[in-house]
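I opened this notebook page to record what I looked up in one chain, entry by entry.

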Amino acid sequence: MAGPWKDARGITVTTTPTLEGRPIQEYLGIVTGEVIVGANLFRDLFANIRDIVGGRSGSYERILRDARQQAIEEIQAECGALGGNAVVGIDLDYEVIGDTGSMLMVSASGTAVRV
C-alpha cells in the first residue's frame, strides 16, 4: 500500500501512522480483518509446475490480492461501525495454516481514528 486509499464510504486506509495534513481528532481502537482461503489441489499442482520452470503463479497472486482486499474491507467496515473515517498504521500478515498447509490466512489490523 503506497499511500492512503479510500473505500466507497470514504474511509481512508494507510500503513503510515498519520495522515499528512489531517490531524487525528480521536483514536477509536484497534480494528482487524481476517480472511482464510483454501488451496485447490489442481491449482496447487499447476502452480508447482510453474514454479519449477521459473514462472509466476498468477492464480496464487490473484487469490492473495483478493484476500488482502477483503481483509482491508473488513477493517474499513469495523472502523465505520465505530464512527471513524480512517484506519492508520495498517499491518498485513500472511500465514499458512491447516494440518497440511492447505489454507492461507491474510490478516489486516490497524487503528481506527477520526480525522
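I began with S107, which counts as buried because its relative accessibility is 15%, where buried means under 20% relative accessible area, exposed over 50% and partly exposed in between, with a 1.4 Å probe and protein chains only. This is a predicted model, in which local features need pLDDT of at least 70 and side-chain atom pairs count only at pLDDT 80 or more, while totals for chains, interfaces and linings use all residues. Residues are numbered from 1 along each chain as its sequence is written, and side-chain values use heavy atoms, with hydrogens and water left out.

I placed S107 in strand 5 (residues 103–114), taking helices (H or I, at least four residues) and strands (E, at least two) as DSSP runs numbered from the N terminus. Leaving aside residues up to four places away in sequence, I found S107 touching G33, E34, D91, L92 and D93, a contact being heavy atoms within 4.5 Å.

Next I looked up the pairing, which requires that DSSP find at least two bridges between two strands. Strand 5 pairs with strand 4 in the antiparallel sense over 10 bridges, and V87 has A112 in strand 5 as its bridge partner. Strand 4 (residues 86–97) also runs parallel to strand 2 (residues 12–13), joined by 2 bridges, with T12 opposite A86.
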